[in-house]
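Dear colleague,

Please find the structure below, handed over for your own work. My notes on it follow directly after.

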Amino acid sequence: MGKFQNEMRERWNELSKINQMHYIASCKTDWNEDEFFESGKRWFHNKSIIEYIEEDLDVSGGRCLEIGCGIGRMTCWLARYFDKVIGIDVSDSMIERARYYQDKFQLSNVDYRLSDGSHFDGIENDSIDFVFSYLVFRHIPCRDIIIQNLKEVFRVLKPAHTFLIEFRLDKGLLMAGNRYEIIKNVRKLGILKIPTVEWRRFNAFNGAQIQEKKMKIILTEIGFRKFDFVHFCNDGYFVWGIK
Ligand SMILES: C[S@@+](CC[C@H](N)C(=O)[O-])C[C@H]1O[C@@H](n2cnc3c(N)ncnc32)[C@H](O)[C@@H]1O
């Protein structure tokens, strides 16, 4: 695993130990279990994810991949729509807890797996009917890792099948989440010497932003043949795309 992937894992393990449910859904600090899982269901409906799955996708079973499943808040709702849901997450602490809830809620069609944060090892090419991710890409700290994840989405999706992924809405280059990109570019120019410690400890919570214009170029270059953007709140947007 590369140093950035390690950094992501360490950071999410750390947050998971401080206040797991809060760092998954930060609108509350004192979630109880029922409210927390109910919020997954509510957001499924509020953000029209469910309408999208039911009306626009012909999923009728099949295999779903959820990137950044956390402790399974959204996974357990996805499991109602698909024959199988694979939930991957970079944090072992999150995966351990997700498995605890999998037993508790008796989810027999869910398979939780630890990932390196960039690659979907063990998931075959052209094998997934639907890829979903919510509140994850907004935290990925550098564009290279975001792009690597999108390449993997393309690799594992069956032809003509769809992904729905939420991203941080671009609020300008100087936003905290762009710190890593700024440091990378300043280092490239060679004007300022950025301390190595700062360079290494990039921010594994506030993610890099990608403007829609840039996102269109990235998705086209990867090979997605159709995609669109859905704005649902003031700091995030969904991208859906078809392989
Ligand atoms: C804010 S939580 C959201 C969890 C879940 N999607 C939800 O809405 O309940 C972000 C999750 O993504 C995971 N994560 C962060 N970066 C990741 C990456 N590059 N690949 C896989 N998981 C990642 C974190 O460990 C954490 O569990």
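A word on confidence comes first: pLDDT is the predictor's confidence in each residue, on a scale from 0 to 100. The mean pLDDT of the protein is 84, and 77% of its residues reach 70 or more. This is a predicted model, in which local features need pLDDT of at least 70 and side-chain atom pairs count only at pLDDT 80 or more, while totals for chains, interfaces and linings use all residues. Residues are numbered from 1 along each chain as its sequence is written.

One stretch calls for caution. Over residues 194-202, pLDDT stays under 50; there the model has 14 contacts beyond four places in sequence, a contact being two residues whose C-beta atoms, placed from the backbone, lie within 7 Å. Where pLDDT is low, the predicted coordinates should not be read in detail.

The ligand has 21 residues around it, of which W12, G68, G70, R73 and G117 come nearest; a residue is counted as near if its C-beta atom, placed from the backbone, lies within 6 Å of the molecule. Two or more residues of this shell are given by helix 1 (3-24) and by strand 2 (84-89). Helices (H or I, at least four residues) and strands (E, at least two) are DSSP runs, numbered from the N terminus. Helix 1 gives the most to the shell, with 3 residues. By type, the shell divides into 13 nonpolar, 6 polar and 2 charged residues. Here Ala, Val, Leu, Ile, Met, Phe, Trp, Tyr, Cys and Pro count as nonpolar, Asp, Glu, Lys and Arg as charged, and the others, Gly among them, as polar.

Helix 1 also packs against helix 5 (residues 92-104): their axes come within 7 Å and cross at roughly 50°. Axes are lines fitted to C-alpha atoms, for helices over the stretch in contact, and angles run from 0 to 180 degrees between N-to-C directions. The two helices are therefore oblique to each other, as angles under 35 degrees count as roughly parallel, over 145 as roughly antiparallel, 65 to 115 as roughly perpendicular and the rest as oblique.

Helix 6 (residues 143-156) and helix 9 (residues 212-222) have axes that come within 10 Å and cross at roughly 40°. In this pair, I147, L150, K151 and F154 of helix 6 meet I218, L219 and I222 of helix 9. That contact comprises 6 nonpolar residues, no polar ones and 1 charged.

With kind regards
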